[in-house]
Amino acid sequence: AVLLDKHADEPMFPSSMTKMMTAYIVFDKLQKGELNLTDTFPVSENAWRKGGAVSDSSTMFLDVHSRASVGDLIQGVVVQSGNDACITLAEGISGSEEAFVDEMNKRAKEMGMTHTHFRNSTGYPDPEHYSSAHDLAILAEHTINDHPEFYKYYSEIEFTYNGHRQGNRNPLLYRGIGADGLKTGHTEASGFGLTGSAIHDGRRVIIVINGLPTMKARAAESERLMDWAFREFQDVALFKAGDMVDQAPVWLGEAKTVKLVTSQALTVTLPRRARQNMTVVASYNEPIPAPIKAGDIVGKLKITAPGVAPVEVPLAASADVTKLGPFGRAAEALSYLMLGHTS
């Protein structure tokens, strides 16, 4: 459910929030067994000059021509926002940052990030490097759901490498509100941004903000939005997977009716004040003609409430219903003609 949308599909400079995609690709390769946390990659002069201590940018403080483990580089990316860590991973995985960026754009397209185009692995300013708040929320959701075993890195408060201890820049992690990710960003062009997430009583909220004037404003606005999302909205569980929503009449079937069910649990997120005015309506063309196969989509369930977009989910038949034989169909047709309904 989208709780608040302000220019969500407008292209913007994502700055270091870009690094979520860099980390996602690494997590994906770890999950597939193509990488191990103990694998090491060399730190090239390119990575050191563009993102190391001499770059005057966010850095992990990698030494040129040294080697660093994938596990340390992940923490360098996620916790320290190290540009040198991003480039080292990109070169180690794909041979060059350019080739790695091709993979980033491919993944973005697969995820449905339709307002995104990457030009680097770090988030360095580039006129052709852009994303949107909606797309970054999609990426955050994929990170959380696709790689829960690696998502934990985003909640680490600090990481020390090469004698340099650096704290996580995500202000939500220090607020005691259940925050466990994800990534800050800042450049002169984009202002201060954050893709953040928190979970409370089993309900997760993801926020994306950008363009704030200061770190202090970013911290205050992100906390305010997160508090508002948890305070003003609630999850309403309507049906469990397989629950009967309605029972529909069947035309010319061995059974007179068929149960209509939802294929998955249905929970809707609503403003707390809107629940009393919520409506749930099942719609389908009746009677439903036989034959029917279990799982056939035969209708839809529509949930409406003030102030939120309608939610529609398909309704499926719960069981097979075979068609009557010739004599049965004739009897049913005759009954309908004489009585106006089937027997």
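What share of the contacts in the chain with a separation of 6 or more comes from residues 24 or more positions apart? Such residues account for 62% of those contacts, a contact being heavy atoms within 4.5 Å. This is a predicted model, in which local features need pLDDT of at least 70 and side-chain atom pairs count only at pLDDT 80 or more, while totals for chains, interfaces and linings use all residues. Residues are numbered from 1 along each chain as its sequence is written, and side-chain values use heavy atoms, with hydrogens and water left out.

**Overall form**

- The chain has 9 helices and 15 strands; these are DSSP runs numbered from the N terminus, with helices being H or I of at least four residues and strands E of at least two.
- The radius of gyration is 26 Å, well over the 20 Å that the globule rule gives for 343 residues, so the chain is more spread out than a compact globule. The radius is taken over C-alpha atoms, and the rule is 2.2 Å times the number of residues to the power 0.38.
- Along the principal axes, the C-alpha atoms fill a box of roughly 90 × 45 × 35 Å.

**Surface and charge**

- Of the 343 residues, 46% are buried. Buried means under 20% relative accessible area, exposed means over 50%, and partly exposed lies in between (1.4 Å probe, protein chains only).
- The chain has 33 positive and 41 negative charges, and their mean positions are 5 Å apart. Lys and Arg count as positive and Asp and Glu as negative, without His or the chain ends; each charge is placed at NZ of Lys, CZ of Arg, CG of Asp or CD of Glu.

**Backbone geometry**

- Most residues other than glycine have a negative phi, and most peptide bonds are trans.
- E286 and P287 are joined by a cis peptide bond with omega about -5°. P287 sits in the loop between β12 (279–283) and β13 (288–289).
- A cis bond also runs from A290 to P291, with omega near 0°. P291 belongs to the loop between β13 and β14 (297–304).
- D56 has a positive phi, near 60°, and is found in the loop between α2 (45–51) and β2 (67–69). Its relative accessible area is 77%, so D56 is exposed.
- D201 has a positive phi, near 55°, and lies in the loop between β6 (191–200) and β7 (203–212). At a relative accessible area of 73%, D201 is exposed.

**Salt bridges**

- The whole structure holds 15 salt bridges, each defined as a side-chain nitrogen of Lys or Arg within 4 Å of a carboxyl oxygen of Asp or Glu.
- One of them pairs D126 with R119 at 3.5 Å, N to O. R119 is partly exposed, with 46% relative accessible area.
- E158 and R165 meet at 4.0 Å, N to O. E158 is partly exposed at 42%, whereas R165 is exposed at 61%.
- In the bridge between E232 and R231, the closest N and O atoms are 3.1 Å apart. E232 is partly exposed at 22%, and R231 is partly exposed at 48%.
- Salt bridges also link D28, K32, E103, R107 and E110 in a network.
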